[in-house]
Amino acid sequence: MNIIVGFLVVVILIALAAYLWPLLLLAGLVVLAYKIYETSYFNGKEFQAIKSRIQNHIQDCNELNQHIEELKDTGLVVNRTDYGTAEYHDQSKWKVKRSALKSHQYAPYIYNCSRTVCDNARKQPFKYICKYFGVKADEETLEKFETMLNNFSAVEDGKEALKAERKNIMGSISGEIPALIKRFSAKKLEANLGFEPVDFSTLYFPKYIFKYVSSGGNTSTEYDIVMDIENLNRFVVFLSEKIKFKKSAAGQRALMTSKLRQYIKERDHFTCKQCGISLEQEPHLLLEIDHIVPVAKGGLTTEDNLQTLCWRCNRSKGSKIPA
Ligand SMILES: [Zn+2]
């Protein structure tokens, strides 16, 4: 039976090819002609002129993109070694293609456990993360997670800013780009203009996995906790409630939550305290919350030690302070 069906299919295909080959040839020629047109357009004077005119804007976008990528690395700071897994060294600077490293870099924390632990972790995720992933409820850990929350919030805001800004730039030149190129070469257009690829995924959020596999290997249950912005906010509060603060100023400080970040931005009228640029002047501006005296130098998360900075000022401030 199968042989007959196969035979029929072959006969039909041969018949189709016999009648359709002029069409196939035509299609091939059209594609070839388009490729030639596309290449000559991107190499042409007109396109190069547009490109050089908006070069500064594209450069700015690419720098924001790099800044965002650097902020994502905060997730690597937290106790990778405590649980006995290998430590991830990320010595690569931005120059190295990140996409190849990504799966490695954002590898989840996995704990292989009994079914009971897996079930319990589902009921009290934060408690079990602390217990089984060696996350100590102390002031130092709290600060690390607060920094992570602050930086990741900037990443998420930054992605929106970047999206809007790229759209803006593309919109400003849209009238000058031929319709065919916009329609069929959108991706190539962005690449040829000099935009670096942007990673809009949220894969960089740390992920804790409790995994149970039965001894026969036939059943398995998995419970994942992704430390996204919402969970980080909750986790910071959870940790702070567990910590018995030393009788010091540290106990009096505020928690770096999304609410506090928003409050500081509003207090500073959405204006960078260093260069004075505001959301009003640059609607897609990424604003960040900065510790005036850095946490590493004993600065506290208190209202008077926090200020709003634009990403450019925050970035250049960060690079001046020795790690
Ligand atoms: Zn600034």
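The crossing of helices α1 and α9 is right-handed. The model in question is predicted.

**Helix α1 with helix α9**

- Helix α1 spans residues 2–43 and helix α9 spans residues 186–193; their axes come within 11 Å and cross at roughly 25 degrees.
- Since angles under 35 degrees count as roughly parallel, α1 is roughly parallel to α9.
- On the α1 side, Lys35, Glu38 and Phe42 make the contact, and they meet Lys188, Leu189 and Asn192 of α9.
- By class, this contact of α1 with α9 comprises three charged, two nonpolar and one polar residue.

**Helix α1 with helix α2**

- Helix α2 covers residues 45–53, and its axis comes within 5 Å of that of α1, at a crossing angle of roughly 50 degrees.
- The two helices α1 and α2 are therefore oblique to each other.
- Tyr41, Phe42 and Asn43 of α1 form the contact with Lys45, Glu46, Phe47, Gln48 and Ile50 of α2.
- Four nonpolar, two polar and two charged residues make up the contact of α1 with α2.
- Phe42 of α1 takes part in the contact with α9 and also in the contact with α2.

**Helix α5 with helix α6**

- Helix α5 (residues 115–123) packs against helix α6 (residues 125–132) at an angle of about 130 degrees, and their axes are 5 Å apart.
- That angle makes α5 oblique to α6.
- Helix α5 contributes Val117, Asn120, Ala121, Arg122 and Lys123 to the contact, while α6 contributes Pro125, Tyr128 and Tyr132.
- The residues in the contact of α5 with α6 are five nonpolar, one polar and two charged.

- For four tetrahedral donors, the ideal angle at a metal is 109.5 degrees.

How values were computed: Residues numbered from 1 in each chain as written. Predicted model: local features only at pLDDT ≥ 70, side-chain atom pairs only at ≥ 80, totals over all residues. Heavy atoms only, no water. Axes fitted to C-alpha atoms, helices over the stretch in contact; angles between N-to-C directions. Helix = DSSP H or I, 4+ residues; strand = E, 2+ residues; numbered from the N terminus. Parallel < 35°, antiparallel > 145°, perpendicular 65-115°, else oblique. Left-handed = near helix turned anticlockwise from the far one by under 90°. Contact = heavy atoms within 4.5 Å. Nonpolar A, V, L, I, M, F, W, Y, C, P; charged D, E, K, R; others polar.
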